[in-house]
Amino acid sequence: MLVAMTAMLVSVAELSNILSVLAVLICFCGMVLFIMRNMTVFWLHGEELMFGSSVHHVQPRIPQMKMMKVHIPFTFKLQETSKSTYKDVQYTVSSQVPYTLQAFWGVSIRELHLFLWRPWSVIDSAARQNRLLHGHYQRIGPCIRDGAHSEWQQTMTLPTPSLDLGTPPRLCYPLVIFLIRDNPGTLHPDETVALINVVHIKDSVCTLPTSILAQYLKQANGQLSCLKQLYLATGNPLSYEEDDRPVPVDDPCSASMWSSAGQQLCVVCQYFPLSRALLPCRHTCVCASCFAKLESCPMCRSPITSYFCIRSEEYLPETDLHASPSKPEPITQWIQDRLTDFLGFHR
């Protein structure tokens, strides 16, 4: 009896040792799995967490916006805006085609936008019958028909009696000026047929500076587009002759950087010509090479959500333009996946 008890106790002790070994092995495997799962993170970020790092991790590839090149035959800008009043609005206009200029004072905001979204045939018919915005303005301004000409400065005066625009927020625009192409005939659907300029004039009630609030392009196919300004780093406009694309310029910065060939240079590398406009801030200040290393605008530090090209980028190899950053799968990830499969866990 005593021998049997001793044998049983020895068996229990041996079994206990085996269970202890199995427990240690299971804990060891679990620890190895945990370490393998986090090793990549430790390797990538451990040094930065412990010692800090100046490495700038670039966000995923920023999408390019597809833009269509549109020829604009008209230009319109205000002169002496600090002195502009309802009795003396000075502006400069030029056109490459015969056109009609028609001005309206005190235009209903709602009715103007509804009218602009109508088909071009409806707007053209209303212009021919002198019924543009009929019944939705307080005073009608001058109607000028002219041929193609370079910049020509003119002055416009509000007819009496004075306007009743009300208190802010107002429901009327002080001044709207249409530039409409005469005898458009058979044009390409993308051809610009009208430029609509919305002008605010400073007064005692609404003290915002006199300025152009918005400019709209109407195309022969009925498309309506709102013109937006691009902000160039050099404070100089792009050459219209170079790419046949009018680009308004505002907010000039201090330093001008030009290459020996007269091209505006990237503000980052100051070597390649600038070629990309950043969105949504619309700063045009970097080349394609430097753009790939950025996630925020170098001028205003706002995040870059997309971009579009303002000129060709032949100065870079094709592989640099279209290459997308990719990293091979780290060996630690491969080992982690194999161990996870071996232990029966789900990835």
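**Notes on the predicted model**

1. Strands E2 and E5 pair in the antiparallel sense over six bridges, where strands (E, at least two residues) and helices (H or I, at least four residues) are DSSP runs numbered from the N terminus, and two strands pair if DSSP finds at least two bridges between them. Within this pairing, Gln90 stands opposite Thr155 in E5. The two strands belong to an open, antiparallel sheet of three strands in the order E1-E2-E5. Strand E1 (74–79) and strand E5 (149–156) each have a single partner strand, so one side of each is left without a neighbour in the sheet. On average, neighbouring strands of this sheet are turned by 20° against each other, direction ignored, with axes taken as lines fitted to C-alpha atoms, for helices over the stretch in contact, and angles running from 0 to 180 degrees between N-to-C directions.

2. On provenance, this is a predicted model in which local features need pLDDT of at least 70 and side-chain atom pairs count only at pLDDT 80 or more, whereas totals for chains, interfaces and linings use all residues. Residues are numbered from 1 along each chain as its sequence is written, and side-chain values use heavy atoms, with hydrogens and water left out.

3. The mean pLDDT (the predictor's confidence in each residue, from 0 to 100) of the protein is 77, and 69% of its residues reach 70 or more. Over residues 44–58 pLDDT stays under 50, and the model has twelve contacts beyond four places in sequence for them, a contact meaning heavy atoms within 4.5 Å. Residues 323–328 also stay under 50 in pLDDT, with one contact beyond four places in sequence. Where pLDDT is low, the predicted coordinates should not be read in detail.

4. Glu313 lies in the loop between strand E13 (306–309) and helix H6 (318–322), and is buried, with a relative accessible area of 10%. The Glu313 side chain makes polar contacts with the side chain of Ser275 (2.8 Å) and with that of Arg276 (2.8 Å).

5. Strand E3 is mostly covered, ten of its ten residues being buried. Seven bridges join E3 to the antiparallel strand E4 (residues 137–146), with Leu101 opposite Ile144 in E4, and nine bridges join E3 to E6, again antiparallel, with Trp105 opposite Leu175 in E6.

6. In helix H2 (residues 109–116), Leu112, Phe115 and Leu116 are buried. They cover an arc of only 95° around the axis, which puts them on the same side of H2, the arc being that of the directions from the helix axis to the C-beta atoms. Among the elements covering these buried residues are strand E3 (99–108), helix H3 (120–128) and strand E6 (172–181).

Technical notes:
Buried < 20%, exposed > 50% of the residue type's maximum accessible area, 1.4 Å probe, protein only. Polar contact = N/O pair within 3.5 Å; in protein donor to acceptor, adjacent residues only side chain to side chain.
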